[in-house]
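Please look over the complex shown below.

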Amino acid sequence: MSRLGKYTRRAFLGLGVAAAGGLAVGFYFYQKPYANPLDAKKAEGETPFNPYVMIDEDNTITIIAPRAEMGQGVHTTLAALVAEELEVPLEQVVVEHGPSSPAYFNAAMLEESTPFPFYDESVLAELARGSMKIVAKFLGLNMTGGSSSTTDAFVKMREAGYAAKFVLLKAAAEHFGTSEDNLTLADGTITDKASGKSVTYGELASKAVAVSPPSEMKLKKASDWKILGKSQKRVELKDKVTGGRIFSIDVQLPNILYGTVKMAPRKGVSLKSYDKTATLAIPGVKDVVEIRTITGEGLGVVADNTWAAFKGAEALQIEWDDPLSLQNSDQMWSALESALTQEATFELGGTGSDAEVFTSIPESEAVSAQYRVPFLAHATMEPMNATAQHDESTIRVWTGTQAPGLIQSVVSSHFDMDSADIDVTTTCLGGGFGRRLEVDFALYAAVIAKTTAPNPVKVTWTREEDTQHDTYRPMAIGQFKGQVTPDGTLKTMDMQVASPSIIQSVMPRIFPGISPAGPDNTVLDGAFNQPLDVENIRCQAHVADLQVPIGFWRSVGNSVNGFFHESFMDEAAHKAGKDPLEFRLAHLTSDEFRPAREALKHVAEMSGWGTPLPAGKGRGIAHVLSFGTWTAQVVQVDVTDNTVTIEEVWAVADPGIVLDPGIFKDQIMSGINFGLSQALGQEITWVDGEVEQANFDTFDAMRMYQAPKITIELLENSPRMGGAGEPGTPPSAPALANAIFAATGKRIRQMPLSNEIDFI
Amino acid sequence: MYPKIPLTVNGQKQEIEADPEMPLLWALRDIMDIKGPKFGCGIAACGACTVLIDGEAVRSCSQPVGEVEGEITTIEGISQGDELHAVQQAWMKHSVPQCGYCQSGQIMAAVALLEENPDPTDEDISDAMTNLCRCGTYPKIKAAIKDAAQTLGA
């Protein structure tokens, strides 16, 4: 059978004309016409083209990094891929996000969304990955998420850099009347060795456009890299230490108005009636606007400053019509408990062993545990906000988004317009963590802006609105059971996970026309696809709709199942009477699990695993493979007076190839603190149909005084490239819980751990 | 209809017309178009809005603009022309920011800390730096403050 989907990426590399007669290099896609995002004149029959590098006559070199910069350094790393092949230093290039265009679709993001473990190289797995690539292109998923950006860009952006260099060299050879062998490239200029004369890339640009692009890509060997593989200064660093106006909340436009929203507690609850008298009496408030959209209903308040809008929203008297049956967290836990007793919705991975194997574990050899995690908010530092402006034919949106294409799609549907007439400018993001893959904040701004036209309106949510109207990390229960034989071997492992499905929640609010097909592997991510040599493995999902909007939260299902799986491995080791590290290594003997073994052994060495600790201290270990990166962590705690101090964390991550060690380690550090934060007290709970938590006083995250010392090392044993943004998160919480067990003998099976033990 | 409120921001004297109860943050951002101080919570819980008033760190989201006494300094006012403040330079050197949204506030809190305590210990830093960072850049913030303390003390 032919390999499905390969042709979508075998679009051919081509050249175009950039502004002012310059050179643009990127990919032509010959399959499906995506409009050229940078070419205003869409000539009939012209091949769609998406440029990654543009060289103007004045030698300005612009690299398009069509992924959201939300702190993960992706603009720096994507630019480095082009700059490496183009032989220019990063300081010499301008990096831009570029327009929203389906041509910048992210294939790698969906590629890892298939129900096959990362290490599964079977034909079926390859086929599924290929077909998801087609889906990514079909949907025009210009998205940033799934720790997929560099994986997606690794080949295509280097090829764009190479192609530019190729045609510039040919043009230079003609210019100097010599052969390419006599030329040298450096810092955006080409020098003729014989004459010593130089010409800039910009001066060659118009000539280079006429050169045929290369038919064969001769990318540099990793050993020849000058930029890649080394830590680079972030391209946006200076803006971020000088208060630069780079976030969407900083957008300033002529005649701008300011607004906020007060939305129904959740999707499915509708606006019944309201009294706006008190709101309109507040000085500065101009209008109250009804919002009825696919993501929710509520009211918008327009004012001449944000504070007046906030006060106006507070003064609104609103009655909601709430038909939803699950009003309280207790009811939601019951729904999950009930789902666990029902037949599984689907299963993934596993060894295909007879069901009887899992039901006939002798009691003396059984180890069984139930784990729970709550809903979690993203709590990005920058609250949700967007600026929108309507004119006769276009809606413009300025916002920090991980998915500008989805904003185009949903906003255009709402107004029954062509998605090409929705113009999205992507700013830097004050944190994303998956929250900014949603479209609600942009959609509400667009709805309000309809009433303020032609004036733009910047719609900023209060922190309370942000916390209470998130698309939450799902709550879930993991019922795990295993068989540990007398020799200390884990012979059987049965994982039953009850959770709502993220995909079933996301699809109706983003792609209402498409029904999600097949199993939602996010329910079992971090459980079914972990490296583990156990004779009998079963991993089953029990999906239950809890009527709460849920979404992608840094590391998604891995944040749930990583905790379940790695807590359980620790419990099984305890049952076996084995050291948790030795126990793990004994169940990671397959060749393809070498990266896990090496990561665990390395992190053990770094942390002094096995050396004695004073009373009251303990170490815990965990390993999770997520987004293609094998990540092992050791957490050390001190427990004094029943109060936990997280003293130190050691981490080893193996993404196969490290493109920027500094940025990569920053991401792992951030992921660790993000993961630990949930243990310190984060939970979203429901009472009478509303979220109880509202601001950072009730939904906080780690602070400086709680932050552990962190040491990170990177390995490159994995045969395939993995991501950076998320893999640091999943192992940190179980490693912490395991450390608390080691220090105290107390096993905490539910998040936040702070419900059962105090933290400083 | 609003009273005139005299303010000195980054050395510039000016008068704005605003409700005196409006938090300084929104007066800076929406009226004066000074965008360095960021909105994070509105209840002085996260510190993204931190500015200096007569050198002291103040959470501007909870400071009524009509009650401001003293000179206001925002992140836009701490560098000397093109030369960044030692704290900003240390932030660059250690590549502290990730998403960067909280960093204006972190930097202003660090500037205030070092003015009061030029040689802070780890504990002093943890006590003084209570601003929230969701990217978890705390280890780098700590290292950068120690670095800046050395530069300023030299």
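**Nonpolar core and chain contacts**

The largest nonpolar core has 266 residues, of which Val53(A), Val397(A), Ala445(A), Leu736(A) and Ile740(A) touch the most other members; such a core is a set of buried Ala, Val, Leu, Ile, Met, Phe, Trp, Tyr and Cys residues joined through C-beta atoms within 7 Å. A residue is buried if 20 or more other C-beta atoms lie within 10 Å of its own, exposed if 12 or fewer, and partly exposed in between, with C-beta atoms placed from the backbone. This is a predicted model, in which local features need pLDDT of at least 70 and side-chain atom pairs count only at pLDDT 80 or more, while totals for chains, interfaces and linings use all residues. Residues are numbered from 1 along each chain as its sequence is written, and chains are lettered from A and ligands numbered from 1 in the order in which they are written.

- Leaving aside residues up to four places away in sequence, Val397(A) touches Ala386(A), Ala388(A), Ile407(A), Val411(A), Ile422(A), Val424(A), Ala442(A), Ala445(A) and Ala446(A), where contact requires C-beta atoms, placed from the backbone, within 7 Å.

**Helix 1 of chain B**
- Eight of the eight residues of helix 1 (residues 24-31) of chain B are buried, so this helix is largely enclosed by the rest of the structure.
- Its buried residues, among them Trp26(B), Arg29(B) and Asp30(B), pack against strand 9 (257-263) and helix 9 (306-315) of chain A together with strand 2 (12-17) of chain B.
- Just after this helix, Asp33(B) adopts a positive phi of about 60 degrees.

**Interface between chains**
- In all, 49 residues of chain A are in contact with 46 residues of chain B.
- On the side of chain A that touches chain B, helix 19 of chain A gives the most, with six residues.

**Domains of chain B**
- The C-alpha centres of domain 1 and domain 2 of chain B lie 21 Å apart.
- Across this pair, 15 residues of domain 1 of chain B are in contact with 13 residues of domain 2 of chain B.

**Confidence**
- The predictor assigns the complex an ipTM of 0.98 and a pTM of 0.92.

Terms used. Two residues are in contact if their C-beta atoms, placed from the backbone, lie within 7 Å. Helices (H or I, at least four residues) and strands (E, at least two) are DSSP runs, numbered from the N terminus. Domain bounds come from an automatic or database domain assignment.
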